[in-house]
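I wanted to see how the two chains sit against each other and what is packed inside.

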Amino acid sequence: MKLLYFAWVRERIGRAGETLELPAEIRTVADLVAWLKTRGPEYAEAFARPDLVRAAINQEHVKPDAPIAGAREIAFFPPVTGG
Amino acid sequence: MSVRVQADDFDASHEIAALTANRTDIGAIVTFTGTVRGEAKGKSIASMTLEHYPGMTEAELERVEAEAHARWPLDATRIIHRFGELKPGANIVLVVTASRHRQAAFEAAEYLMDYLKSRAPFWKKETAADGTGNWVDARETDEAALARWNLPVKPTPGVKPAG
């Protein structure tokens, strides 16, 4: 699965993205966040406040309970601040 | 394509001219330009860096634009948003709406800005004069600004507001 990170999520994890083999039991975005948090202190720090991290699947905003089946690309980022 | 995401600056009057060239049906043009403030929370800002999500940014701006066209009788719209490092005073975002009458143009411009701010994947990082960086927090007032658009404000067919 292709994962992308932006803004301070990217800075805390230390990379802009990566391709990871996900365990089959990961069904939702929230499952993926919980699993990522176990991968190391940088992930634990990036996802310390899951309520402050937003997600997009295939470049569309999704909620934490969104299923990841069929996803080509999942992105994690802080609330947006453009405009 | 009326949505552009670019590092380069833009010129609002040039965009208006391009949007309205050879058209006589348009009676109202509203533009909004967002620029970089030189201070934040009492501290002076050396620069503002805008990060974005290439691909999703354009898609999200096009979705917001399509929603505005579905909601108001707009003749033309343009959205330009810059990314990269910007100095205080520099342009960040341009929204242009054109319609037969002013009400639709005013309302749609505000709607576009409110939705763009809450959905387009851009993130601002301020760099202070001493080089320290700070990611700008999302404002709760921006979320609150969206709430009013949930009302059914679609213009009544046949009712033409004064131009």
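My notes on the interface and the cores follow.

I am working from a predicted model, where local features need pLDDT of at least 70, side-chain atom pairs count only at pLDDT 80 or more, and totals for chains, interfaces and linings use all residues. Residues are numbered from 1 along each chain as its sequence is written, chains are lettered from A in the order written, and side-chain values use heavy atoms, without hydrogens and water.

**Interface.** I looked up contacts (heavy atoms within 4.5 Å) and found 19 residues of chain A touching 26 of chain B. The two chains bury about 1800 Å² between them, 56% of it on carbon and sulfur atoms; that is accessible area lost on being put together, 1.4 Å probe, summed over both. Gln59(A), Thr81(A) and Gly83(A) supply 36% of what chain A buries there.

**Salt bridges.** I used a Lys or Arg side-chain nitrogen within 4 Å of an Asp or Glu carboxyl oxygen, which gave 2 across the interface. I also noted a salt bridge between the side chains of Arg10(A) and Glu51(B), at 2.5 Å, N to O.

**Core.** I then checked nonpolar cores: buried Ala, Val, Leu, Ile, Met, Phe, Trp, Tyr and Cys joined through side-chain atoms within 4.5 Å, with buried meaning under 20% relative accessible area (1.4 Å probe, protein chains only). The largest has 34 residues, and Phe77(A) and Tyr53(B) are among those touching the most other members. A second, separate core of 30 residues includes Trp72(B) and Phe122(B). Away from its sequence neighbours within four places, Phe77(A) contacts residues including Phe6(A), Tyr53(B) and Trp123(B).

Technical notes
Buried < 20%, exposed > 50% of the residue type's maximum accessible area, 1.4 Å probe, protein only.
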